[in-house]
Amino acid sequence: MKKNLIILTLLSTSLIGCGFSTKGPSVDIKPVPNNINLNNVCVYRSVNTLSSYDKAGQIIANKLNELKISNKLTTKDKLTECSYTLSYDIRRAIEIPTYLSIMYVQLDDNEGYSVGSIKYSHIVEGGFLTLSSSSFTNTDKKINELLDRFLNIQSDKGIANEK
């Protein structure tokens, strides 16, 4: 019975054009250079969808506060007084269990030049959904892990930016 259920699941999944992979999620982090003195950062959500994670902005602001970096949550139309702008699109899969699906973060200086970025996707190359256990970490914890690498925060396990 179990064998039939597994075969049926795999067959139906392949028919709808989706597959599974044991590879980990796609992660591309361009960390903020250590010589940048971050201050006066405006944080805003660049995309708002049904799966947007509402707590994401506050998680980012809390991380910046921990590092004593002045910041404020705002909207895109109120960025004129900022030294840096941090835009984000963070989505959580609405399946059960929920998990971090997409995280795009872009940090720019006041002249519009990129200072750093995070590109995380739970979908790996070829459109496969990853079955890697590391990708099903608590959403808040995963966001904080990626922010630590982005902001070059040292961890107990060594430098957070190591791959």
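Reader: Is G112 buried or exposed?

Author: This is a predicted model, and every value here is computed from it. Exposure is read from the relative accessible area, and over 50% counts as exposed. G112 has a relative accessible area of 53%, so G112 is exposed.

Reader: Where is G112 found?

Author: G112 lies in the loop between strand 6 and strand 7. These two strands form a hairpin with four residues between them, and G112 takes a positive phi near 90 degrees there. The C-alpha atom of G112 is separated by 8.6 Å from that of Y84, 28 residues apart along the chain.

Reader: How many bridges join strand 6 to strand 7?

Author: Strand 6 (residues 99-109) and strand 7 run antiparallel and are joined by seven bridges. To follow the pairing in the model, take L107, whose bridge partner in strand 7 is G116.

Reader: In what sense do strand 2 and strand 7 pair?

Author: Strand 2 (residues 26-30) pairs with strand 7 in the antiparallel sense, over five bridges. One place to look is S26, which has S121 of strand 7 as its bridge partner.

Reader: How many residues of strand 7 are buried?

Author: A residue counts as buried under 20% relative accessible area. In strand 7 (residues 114-121), six of the eight residues are buried, so strand 7 is largely enclosed by the rest of the structure. As a general idea, the side chains of a regular strand alternate between the two faces of the sheet.

Reader: Turning to the helices, at what angle do helix 2 and helix 3 pack?

Author: Helix 2 (residues 56-66) and helix 3 (residues 139-150) pack at about 45 degrees, and their axes are 10 Å apart. An angle under 35 degrees would count as roughly parallel, and 65 to 115 as roughly perpendicular. Helix 2 and helix 3 are therefore oblique to each other. Helix 2 passes helix 3 in a right-handed crossing.

Reader: Which residues make the contact?

Author: Helix 2 contributes I59, I60 and K63, while helix 3 contributes D140, I143, N144, L147 and D148. By type, the residues of this contact are four nonpolar, one polar and three charged.

Reader: Which residues of helix 2 are buried, and what covers them?

Author: The buried residues of helix 2 are A56, G57, I59, I60, A61, K63 and L64. Their cover includes helix 3 together with strand 3 (41-45), strand 4 (71-73) and strand 5 (84-93).

Technical notes:
Residues are numbered from 1 along each chain as its sequence is written. This is a predicted model: local features need pLDDT of at least 70, side-chain atom pairs count only at pLDDT 80 or more; totals for chains, interfaces and linings use all residues. Side-chain values use heavy atoms; hydrogens and water are left out. Axes are lines fitted to C-alpha atoms, for helices over the stretch in contact, and angles run from 0 to 180 degrees between N-to-C directions. Angles under 35 degrees count as roughly parallel, over 145 as roughly antiparallel, 65 to 115 as roughly perpendicular and the rest as oblique. A crossing is left-handed if the near helix is turned anticlockwise from the far one by less than a right angle, and right-handed if clockwise. Contact means heavy atoms within 4.5 Å. Ala, Val, Leu, Ile, Met, Phe, Trp, Tyr, Cys and Pro count as nonpolar, Asp, Glu, Lys and Arg as charged, and the others, Gly among them, as polar. Buried means under 20% relative accessible area, exposed over 50%, partly exposed in between (1.4 Å probe, protein chains only). Two strands pair if DSSP finds at least two bridges between them.
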